[in-house]
Amino acid sequence: MSAVVGEHHDDHHHGPAKGLTRWIYTTNHKDIGSMYLWFSFIMFLIGGTMALVIRAELFEPGMQIVDPGFFNQMTTMHGLIMVFGAVMPAFVGLANWLIPMMVGAPDMALPRMNNWSFWILPFAFALLLSSLFMEGGAPNFGWTFYAPLSTTYAPPSVTYFIFGVHMMGVSSIMGAINVIATILNLRAPGMTLMKMPLFVWTWLITAFLLIAVMPVLAGVVTMMLMDIHFDTSFFSAAGGGDPVLFQHVFWFFGHPEVYIMILPAFGVASQIIPTFSRKRLFGYPSMVYATASIAILSFVVWAHHMFTVGLPLAGELFFMYATMLIAVPTGVKVFNWVSTMFRGSLTFETPMLFAIAFVILFTIGGFSGLMLAIAPVDFQYHDTYFVVAHFHYVLVPGAIFSIFAAAYYWLPKWTGHMYDEALGKAHFWLSFIGLNLTFFPMHFVGLAGMPRRIPDYAMQFADFNMVSSMGAFLFGTTQLLFLFIVLKCIRGGKKATAQVWEGADGLEWTLPSPAPYHSFSEPPQVK
């Protein structure tokens, strides 16, 4: 049979496919991983530009640059693009590149589906972005698209937005099935589950979360579609429905979703910190159990986003305590990272700088999350900039810094070249300063009562907002430096040696991996 297949390939393709067709048809996990990473970076720049429109408008009080309607479109699109277009595809890209190599698999388990789940995404986001040019404008109801604002009062483009969300969901579910099939079926002989690298573990758990919650998102946008076009009343009180039902269904998806965006980051930190501490990771089994605990608990905390909707007291107490409980396994992870670094032979290469900043700043975000968990106090914090500060401290140093850390850490393996260490450190420090200038003042204006998603504000918030906006432009422009570093590394530079990073045992990983082998080219000859 294999001979027949070989002849079939020879008839059609002589040597590897060239140019564009290689990327369109590829089933190679490294190619697909690279495409995910590039796609997510493009989306990161687009979503970041939208954030800069928001910060430019808020640079000083009064209306300057954009009208309130467009401001609302920007807040909505920024959130949607960063969550679904930047963070999630970046982690899927890392999964594609690294999981097969970490478990000793030849490729992902379902390579054709892998290709499809990537190529859905550019079309989904083209659809979403095209809504900016439609009559009535882009979605303007916030990334959480609460009904009835997103059903009764939405612009016509909401239908395209719903279709785009469905496509993203299909892509995520297929990617997750692929990850689970690869990890459970294609591990090398002798690699038991408790011997897998932690990045693989965090992704296995993340993939189960994705399969559990993406259908919930599909359900809630389908109910929206029915309310808009088919006269149902799921979220309309006039027809016997309930707008608060929307929030319950949305957050039952949305809370596990935020853990989907952070668990792979935990995996990245757990790979990088031991390497630059020259020590084994402290407490490997507890890290696995903590990750699983976080995933399970993430399903019983959703209504902490809804303390102000009029929950019964018992409900508020339950969600308050459940939310505080999820801080325990998270604290275990932070303790283990710090214990790994304790008395290690630390060096501070760029990936380690990003990983340490991740631990410190993510912990700040965790503490502000504990504050938000306290139900009676949340009545004051809710819908203020304090919430914005909290989740950006979790997502920017959490998700985005860990993606940067991973990129610097594995770039030598991906390209065979070392990146420019001096430029990498410059990228880190400028990002670190820009991030804190942007989001730390938001804690103060939030506690003082400045509401989020509003294009104008009272004079007493002016100074902090000016600092925030300046920090945002510093952080945003710094990411162009990252683009330059990556392109420079791909084009050349110092050759990566067999031990690029001297790991805990000197064996973190060895030589750059072989060139991608394509399903429609000659298989590599094993010597």
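Helices here are DSSP runs (H or I, at least four residues), and strands are too (E, at least two), numbered from the N terminus. Residues are numbered from 1 along each chain as its sequence is written, and the model is a predicted one, where local features need pLDDT of at least 70, side-chain atom pairs count only at pLDDT 80 or more, and totals for chains, interfaces and linings use all residues. Side-chain values use heavy atoms, with hydrogens and water left out.

**Stop 1: a pair on helix 16**

Select Trp429 and Phe432. Both sit in helix 16 (residues 421-447), and because they are three residues apart, about one helical turn separates them. Are they buried or exposed, or in between? Trp429 is partly exposed, with a relative accessible area of 43%, and Phe432 is partly exposed as well, at 24%. For the cut-offs, buried means under 20% relative accessible area, exposed over 50%, and partly exposed in between (1.4 Å probe, protein chains only).

**Stop 2: aromatic rings**

Now for the rings in general. A pair of aromatic rings is described by the distance of the centres and the angle of the planes. Rings of Phe, Tyr and Trp (its six-membered ring) pair if their centres lie within 6.5 Å; planes under 30 degrees apart count as stacked, over 60 as edge-to-face and the rest as tilted. A search of the whole structure turns up 50 aromatic pairs.

Pick Phe354 and Tyr408 next. Their ring centres are 5.7 Å apart and the planes are at 15 degrees, so this pair is stacked. Phe354 belongs to helix 13 (residues 350-373) and Tyr408 to helix 15 (residues 385-415), so the pair ties together parts that are 54 residues apart in sequence. Both Phe354 and Tyr408 are buried. Hop back to Trp429 and Phe432 and you get an edge-to-face pair: 5.7 Å centre to centre, with 80 degrees between the planes.

Then zoom to Arg22, which lies over the face of Trp23, 4.3 Å from the ring centre. A charge sits over a ring if NZ of Lys or CZ of Arg is within 6 Å of the ring centre and within 35 degrees of the ring normal.

**Stop 3: helices side by side**

Two packed helices are described by the angle between their axes and the distance between the axes. Axes are lines fitted to C-alpha atoms, for helices over the stretch in contact, and angles run from 0 to 180 degrees between N-to-C directions.

Colour helix 11 (residues 313-325) and helix 12 (residues 327-341): they pack at about 15 degrees, with their axes 5 Å apart. That makes helix 11 roughly parallel to helix 12 (angles under 35 degrees count as roughly parallel, over 145 as roughly antiparallel, 65 to 115 as roughly perpendicular and the rest as oblique). Thr323, Met324 and Leu325 of helix 11 make the contact with Ala327, Val328 and Pro329 of helix 12; contact means heavy atoms within 4.5 Å. By class, the contact has five nonpolar, one polar and no charged residues. Ala, Val, Leu, Ile, Met, Phe, Trp, Tyr, Cys and Pro count as nonpolar, Asp, Glu, Lys and Arg as charged, and the others, Gly among them, as polar.

Still in helix 12, click Ser339. Ser339 counts as buried, at 15% relative accessibility. Leaving aside its neighbours within four places in sequence, Ser339 is in contact with Lys279 and Phe282.

Switch to helix 4 (residues 68-103) and helix 8 (residues 243-260), which pack at about 35 degrees with their axes 11 Å apart. Show Val83, Phe84 and Met88 of helix 4 against Phe253, Glu257 and Ile260 of helix 8 to see the contact. Its classes are five nonpolar, no polar and one charged.

**Stop 4: loops**

Where is Pro148? Look in the loop between helix 5 (111-130) and helix 6 (158-185). The peptide bond from Ala147 to Pro148 is cis, with omega near 0 degrees.

Move on to Asp231, in the loop between helix 7 (198-229) and helix 8. Phi of Asp231 is near 60 degrees, a positive value in a residue other than glycine, and Asp231 counts as exposed at 71% relative accessibility.

**Stop 5: one last residue**

Finish on Tyr381 in helix 14. Tyr381 is buried, with a relative accessible area of 11%. Beyond its neighbours within four places in sequence, Tyr381 is in contact with Met371, Leu372, Phe386, Val387 and Leu447.
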